[in-house]
There are 4 protein chains.
Amino acid sequence: MEDQTQHGQASPEAQQRIQTSFDRQGLMSHLGARITHIGPGRVHIELPSRPEVTQQHGYFHAGATSAVADSAGGYAAFTLFPGDAEVLTVEYKINLLAPAAGDHIEAVGTVLKSGRTLTVCRLEVFGVQGDRRKPVANGQQTLIRVNRPEQ
Amino acid sequence: MEDQTQHGQASPEAQQRIQTSFDRQGLMSHLGARITHIGPGRVHIELPSRPEVTQQHGYFHAGATSAVADSAGGYAAFTLFPGDAEVLTVEYKINLLAPAAGDHIEAVGTVLKSGRTLTVCRLEVFGVQGDRRKPVANGQQTLIRVNRPEQ
Amino acid sequence: MEDQTQHGQASPEAQQRIQTSFDRQGLMSHLGARITHIGPGRVHIELPSRPEVTQQHGYFHAGATSAVADSAGGYAAFTLFPGDAEVLTVEYKINLLAPAAGDHIEAVGTVLKSGRTLTVCRLEVFGVQGDRRKPVANGQQTLIRVNRPEQ
Amino acid sequence: MEDQTQHGQASPEAQQRIQTSFDRQGLMSHLGARITHIGPGRVHIELPSRPEVTQQHGYFHAGATSAVADSAGGYAAFTLFPGDAEVLTVEYKINLLAPAAGDHIEAVGTVLKSGRTLTVCRLEVFGVQGDRRKPVANGQQTLIRVNRPEQ
């Protein structure tokens, strides 16, 4: 899955579908996160630094780092689904590699394997300060595709 | 570690130290989480339901569930440290067992192994609705003890 | 799932089915592992100490420890399936808590959540020396139920 | 860490040190595994297909796949250590992406982050059949550096 196509844009339909779903995630707007890239099998989410997302030493809280990483992976999986499917996180594992600092963090979710039922994603988070982009977390996530619940 | 002592209270000094650290976590107060139990090797954190912590279907967001689970495990490890040490999350893995619903979720962090450098915790999260308490997530976490940075 | 029923025996049919499958795992007999308990939602596997299962310092190799833990969890899930289903490991995470030493190690797989498609198990491994039983590894595993392939 | 240097060879001293340690792992020779590449921060291990490493359907057992992945990551970390240090696996998480089949499997351990105490590695396993190389497992591992025990 990790080829150049991931750096392109997803179809307008998929982009619309994902942005709509993201906008319904109360947590993402409460944290101040926003989607910055939607490619086929790859989604980027940015979270700006502010006191509301910190741990006790002023770095990004592992929970905030994980939340945007989890959402980036979920939507990366979602880009490869048909319009009537939903995605749920089965589980993920994340290593916090370094204190997460910077103007913002950027979470990148990338599909490693897209199966009929299960999808596996790589999760990467970077601390960004001006031109500097430093890895702060790395993880792996399993997702399940489910039929959209009746509206 | 999983004996009855964990259901008792930690020393007043440890309780104070943990509450002070928790109060400095901008994310926890921004989410609306609060510590409800501090025992030796075990900490409980509650997160009430509200739109600001949801995913797109109105359940608790996996990121919110993980954030309180991670903090519960971190503080559980912290209860067994001397006063001049700090704790950092090395990594954790969490399974989302069921949609997280209820009046609130309760995260329980329990120390499985407390070593000189590394601590391993079990993470459990329950969805609580009135008298009903249902497991919604289960995880495992590795933490490292570090010297407190100079103030 | 973690109630006393797990300490009972599984049905003779389930025990037979699991023993037959286990006997077809070339790796388990090559390592010298054997099933010692088959309860509903819980399976124990023992691996005796011998040079063929060690790492460079003479302890049980993490790979051997993981292999029996993975099999114990897989068969624990299998005890709760109908006779025509198969189980595959989706993923697992394991912490090596202490050097694995002893006459043998005992892996215990316990079902935490049994769903229609996915099952989540807890994995525990103990180093056993005479009367002494010490935790050496702790993990969590996700499994998927699949239809038995045509013979 | 993931730059071209990883595709080069480690120093003769490091290669010797790692081969010696590997040769003392009873499990690796019992399984029939061998090291095929030792680069700075990257190690490859091959495991040929044979009945002794299978699960009940004739594929490579997840435990065998994990064992070589764990060793590949451990030795990848080891390439970056001074000669008097040892490495222990703290934990790892692995997703089994597809049934592991082929003439042999190849495990690739790559250092993502090398710290003073902890190292984090990416684990990849491929099923190889002639010219075809297919991903069968993907994981992430945490290791700790310890002083070599007195001989």
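Contact here means heavy atoms within 4.5 Å. The model is predicted, and local features need pLDDT of at least 70, side-chain atom pairs count only at pLDDT 80 or more, and totals for chains, interfaces and linings use all residues. Residues are numbered from 1 along each chain as its sequence is written, chains are lettered from A and ligands numbered from 1 in the order in which they are written, and side-chain values use heavy atoms, with hydrogens and water left out.

The interface between chain A and chain B joins 35 residues of chain A with 35 residues of chain B. About 2,900 Å² is buried between chain A and chain B, and carbon and sulfur atoms give 52% of that area. Buried area is the accessible area (1.4 Å probe) that two parts lose on being put together, summed over both. There are 24 residue pairs in polar contact across the interface of chain A and chain B, both residues being at pLDDT 80 or more. A polar contact is a pair of N or O atoms within 3.5 Å; within protein, one atom must be able to donate a hydrogen and the other to accept it, and residues adjacent in sequence count only if both atoms are side-chain atoms. Chain A and chain B also share 2 salt bridges, a salt bridge being a side-chain nitrogen of Lys or Arg within 4 Å of a carboxyl oxygen of Asp or Glu. Lys93(A) and Glu91(B) meet in a salt bridge through their side chains, at 2.7 Å from N to O. The side of chain A that touches chain B draws at least two residues from each of α2 (26-31), α3 (62-78) and β3 of chain A, and β3(A) gives the most, with 10 residues. Helices (H or I, at least four residues) and strands (E, at least two) are DSSP runs, numbered from the N terminus.

Between them, chain A and chain C bury about 470 Å², with 82% of it on carbon and sulfur atoms. In chain A, Val90(A), Glu91(A) and Leu118(A) lose the most area to chain C, together 56% of what that side buries.

Aromatic rings complete the description. Phe22(A), Tyr75(A), Phe78(A) and Phe81(A) form one aromatic cluster, where rings pair if their centres lie within 6.5 Å, with planes under 30 degrees apart counted as stacked, over 60 as edge-to-face and the rest as tilted. The charged end of Arg17(A) sits over the ring of Phe78(A), 4.9 Å from its centre.

Definitions and conventions
Phe/Tyr/Trp six-rings, centres within 6.5 Å; stacked < 30°, edge-to-face > 60°. Lys NZ or Arg CZ within 6 Å of the ring centre and 35° of its normal.
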